[in-house]
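The sequence and structure come first.

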Amino acid sequence: MAHPALLVLGAYCTYLLAGTGIDPILAGVLLMPPFFVLGVLIYRFYYETFERRGSDTGVRGLAFFFGFAFIIEVGLILGFGVDQRGVEASYIGSSLELGDYRIPYRMLAAFAVAIVLTVTLTLYFSRTFIGRAIKAVGQDEGALRLMGANPVRIKQLAFGIATAVNALAGAVLIVVGPVDPALDRLYIGRTFCVVVLAGLGSMSGTLAAGLILGITESIVLMVLGTSWAPAVSFGLLLLVLGIRPQGLFGR
């Protein structure tokens with residue numbers, strides 16, 4: 001619920017750093033440590049305020065993070081206004097020509113960052129104790145405690161890592177195109193769709209699900225027009241939930 005808003009926040013922070021002459025992708029990398037700390041603090045506040053009290057954590061969590069996303073959006077509007085913001089770089093505005101086809105370098109840069117993040121996170125989740133604990137905490141907290149790990153600390157680290165990744169993803173977002181404070185609303189449905197389509201815990205599935213959603217949206221955009229494109233994510237979400245609730249790549 002809050003990740004799309006944090007994504008847009010990362011894009012605006014990238015805009016500020018890029019204004020000083022720093023490459024947008026590098027700016028996203030530099031923003032990852034402070035965003036990690038922000039994510040840890042956000043989860044800690046949520047835990048102490050809601051999760052620790054026990055009852056109705058799911059409903060309370062949705063309300064908390066929806067409100068948090070709204071606060072970010074309003075803060076960005078107050079700070080930057082409603083106008084779109086963009087960045088400049090040598091690879092923005094130029095294309096790779098392959099015969100009759102042109103592939104924008106900004107899209108290639110975004111795809112390269114997605115591949116690097118996917119490989120890095122896949123290795124981290126499969127090769128390290130913390131990574132495996134992050135995947136396990138959603139399955140059986142009791143068993144995780146028997147392995148000597150604190151579930152609260154693991155969830156806190158997981159939220160910090162996810163928020164740090166959002167900083168770099170936000171940099172990629174503003175490289176791909178201009179952003180505005182309300183852009184997070186377009187990505188709420190897409191976020192749920194990708195998570196459900198991929199299946200929880202599958203990093204490679206997340207990349208594949210993103211490609212499936214992007215290609216499907218592009219086809220619908222060309223055939224039926226822009227008004228139908230936002231409905232694609234919700235349509236795929238309902239289809240996957242009805243046919244394969246664990247996701248295409250989940251177990």
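The largest nonpolar core has 50 residues, and those with the most contacts inside it are I25, I42, F65, I72, L76, I154 and V179. Such a core is a set of buried Ala, Val, Leu, Ile, Met, Phe, Trp, Tyr and Cys residues joined through side-chain atoms within 4.5 Å. Buried means under 20% relative accessible area, exposed over 50%, and partly exposed in between (1.4 Å probe, protein chains only). This is a predicted model, in which local features need pLDDT of at least 70 and side-chain atom pairs count only at pLDDT 80 or more, while totals for chains, interfaces and linings use all residues. Residues are numbered from 1 along each chain as its sequence is written, and side-chain values use heavy atoms, with hydrogens and water left out.

- A second, separate core has twelve residues, including C193, L197, V232 and L237.
- Neighbours within four places in sequence aside, L76 is in contact (heavy atoms within 4.5 Å) with V8, L9, Y12, G81 and P181.

**Nonpolar surface patch**

- F111, I115, V119, L123, L211, I215, I219, M222, V223, L224 and W228 make a nonpolar surface patch of about 1,100 Å².
- Patch residues have over 30% relative accessible area and no salt bridge, with nonpolar side chains (Val, Leu, Ile, Met, Phe, Trp, Tyr) joined within 5 Å; areas come from the Shrake-Rupley method with a 1.4 Å probe, and only the protein chains shown count as cover for residues.
- The elements giving two or more residues to the patch are α4 and α9 (203-224), and α9 gives the most, with six residues.
- F111, in helix α4, is partly exposed, with a relative accessible area of 43%.

- D184 lies in helix α8 (residues 184-198).
- D184 is buried yet has no salt bridge, and the nearest side chain of opposite charge, R185, is 5.0 Å away; a salt bridge needs a side-chain nitrogen of Lys or Arg within 4 Å of a carboxyl oxygen of Asp or Glu, and Lys and Arg count as positive, Asp and Glu as negative, with His and the chain ends not counted.
- Leaving aside neighbours within four places in sequence, D184 contacts P4, A5, V8 and E73.
- R53 sits in the loop between α2 and α3 and is exposed, with a relative accessible area of 62%.

Definitions and conventions:
Patch = residues over 30% accessible without salt bridge, like charges linked within 9 Å, V, L, I, M, F, W, Y side chains within 5 Å. Helix = DSSP H or I, 4+ residues; strand = E, 2+ residues; numbered from the N terminus.
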